[in-house]
Amino acid sequence: MTLEADVPVHLFYGLVGATLVAMGFVALVTKQHVFRKILAWNAMGSGVFVIVGSFAIRNADHGAADALPQAIVITGIVVSVSATALALAIARRLHRLTGDVLLEAGDDKGTA
Amino acid sequence: MTSEALVIVLLAPLLGGVLAFVLPSRAGALVAATSVASVGAAILLAFGVYTAGVQRHALSGWPAPLGIGLYVDGVAATMVLLAASVCAGIGAYAGGYFRLGPANGARGFWPLFLLTWGALNATFLVADLFTLYVCLELGMITAVASVALQSDARALKASMRYLMAALMGSLAYLLGVALVYGSTGALDWLLVAARPAGGSAVTVALSLMTVGLLVKAALFPLHFWLPGAHSIAPPPVSALLSALVVKGAFYILLRLWVQVFPEVVVPAAAHVLGALGSGAVLWGSFQAVFQERLKLMIAYSTIAQIGYLFLVFPLFAAVARQGGRAVQDEVWHAAIYFVVAHALAKAALFLVAGIYQKVIGSDEIQELVGAAAKAPIATLTWGLAGASLIGLPPSGGFLAKWLLLTSSIALAQWFYVFVILVGGLLASIYVFRVLWFAFSTEPLTAHPPAPDAARLPRAVPFAGLALAIAVVILGLRATELFTLMDRGAPFAGETP
């Protein structure tokens, strides 16, 4: 008896991914520090990728994982790396100008 | 012929953007060449769809399940044409505008502008839900970077807020796409639509994609990032963001709800979107009326106008319940026509705001006294584009609102009739308030003339005027555009 027969592996990965997404979402909304927000977003992104990966396992054909979710995850990682780089560049410049990197809630008119 | 045009539309702005980054000294010529090529190709593409109907193209000859398909129906061709017109206008304006500084503003602006344009074109043409995610991300990253162009703390915070909101939205969308693939085994939206897969997974997927796109389209109450980002960015960037970037998300949403998952959508969900849209119209308009700064006012007006777009979803739901194919066509026309009219008018308004800022030296609406004499062409542009925003004839905005209003009445959706009328009334207040100050001659407060006033190149105001005239022409000659929109429309009898 294999592990797959006891616990559906794709379900396990799906639940792990969903947990990561939920944790990341809460942190992204509640934390004010920009680095925490960036980290939270990356955790969320990893969660989504794990969920996508779980579909690759579920759709596996004769032991070979479905290739399309892998392509999605690889492209998604590229996108997330560039978005993170942009966020870090803005955060660094913000830190150099103002000395802090907090995004306060409620200041939506850009009057800060 | 059409497929060549398709390639040019997709590649010219991206190629131009990369080249403008590598060769900043030639950026002006590159933008001019890109604009000419893209406008020409967009017209060819629209003409091809107009005469020959829907065009499909498999990239590199790989068909849909594995490769990425391009799908050009009338709506896609209309949007590409719209993007080309608005971007050509913004490009012509920015060429003169950035000559006055900031010194490195133009250098950063050109590559980002062209790449955003390229991402938008790809968004309108690609039929693959995951590739749409990549296009949305590309457009979002370049848009955020161009908000940060001014690189003072205010602009950086606004762009960071925009980035965080948009990133959250795109992850929600991506998760939805993953669920769609998991439950239907397809990513191409034409294939997904052809494989009716009910069940809760698809409902969850559509909800996630919708919420993600609502953040990107800045529908009330998820608009919190928009006023800062759109009002602080340099005027050409604001014009691009307000006119086109938010529409990219709405465009995908419209396709998803009307063409891909019509059987998943329940009327209650459509009315939630309608209620949010109504809230956006009323709240955004009220905020716009009370703003002191011109660009912030225009940004709040964008929130209100985005709200109008979402009124079409409950109208579609009402059609599904009560029947009436003629009304359905009318709502479809209204949605696309509203996008087109608002994009042209809003771009023109932001371009005018940039000119006023240079001529008056201030962004305060009360300081605009005498602006009509100092910038007559800009003021004329404001009047024409503002009339379209209010919905006064003859203009594209009038026709769009008229279609929306008559179909709401035909479907007995009286609440939305009320919202449309009140929104128009509030729009007339904030549009005329600016004209009132611009035409007053007695300065309320004395301030020295702005040093930039004399150096503004003469051609700059005419770019905005061209967009405003386009929106007036749109109100006079609508039949051709309606015929183009009907190519491959979901209910016009012609199946894709």
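Predicted model: local features only at pLDDT ≥ 70, side-chain atom pairs only at ≥ 80, totals over all residues.

User: Why is the contact of B:D73 and B:R255 called a salt bridge?

Analyst: The nitrogen-to-oxygen distance between these side chains is 2.8 Å, and the limit is 4 Å. B:D73 and B:R255 therefore meet the criterion for a salt bridge. The two residues are 182 apart in the chain and belong to distant parts of chain B: B:D73 is in the loop between β2 (69-72) and α3 (74-97), while B:R255 is in helix α10 (residues 235-260).

User: How do you know whether B:D73 and B:R255 are buried or exposed?

Analyst: Buried means under 20% relative accessible area. B:D73 has 0% and B:R255 has 6%, so both count as buried.

User: What makes B:R433 and B:E292 a salt bridge?

Analyst: Their N to O distance is 3.9 Å; because the criterion is within 4 Å, the pair qualifies. This pair also links distant parts of chain B, 141 residues apart. B:R433 is in helix α18 (residues 414-439), and B:E292 is in the loop between α11 (267-289) and α12 (294-310).

User: Which labels apply to B:E480 and B:R477, and why?

Analyst: The side chains of B:E480 and B:R477 meet at 2.5 Å, N to O, which is within 4 Å, so they form a salt bridge. B:E480 is partly exposed at 34%, whereas B:R477, at 52%, is over the 50% limit and therefore exposed. Over all chains, the search finds 5 salt bridges.

User: How many aromatic pairs are there, and why is the pair of B:F310 and B:F313 called tilted?

Analyst: The count over all chains is 23 aromatic pairs. For B:F310 and B:F313 the ring centres are 5.7 Å apart, within the 6.5 Å limit, so the rings pair. B:F310, at 0%, is buried, as is B:F313, at 3%.

User: What makes B:K358 a charge over the ring of B:Y97?

Analyst: B:K358 lies over the face of B:Y97 at 4.8 Å from the ring centre, and this distance is within the 6 Å limit. B:R487 likewise lies over the face of B:Y50, at 5.5 Å from the ring centre.

Key:
Residues numbered from 1 in each chain as written. Chains lettered and ligands numbered in written order. Heavy atoms only, no water. Helix = DSSP H or I, 4+ residues; strand = E, 2+ residues; numbered from the N terminus. Buried < 20%, exposed > 50% of the residue type's maximum accessible area, 1.4 Å probe, protein only. Phe/Tyr/Trp six-rings, centres within 6.5 Å; stacked < 30°, edge-to-face > 60°. Lys NZ or Arg CZ within 6 Å of the ring centre and 35° of its normal.
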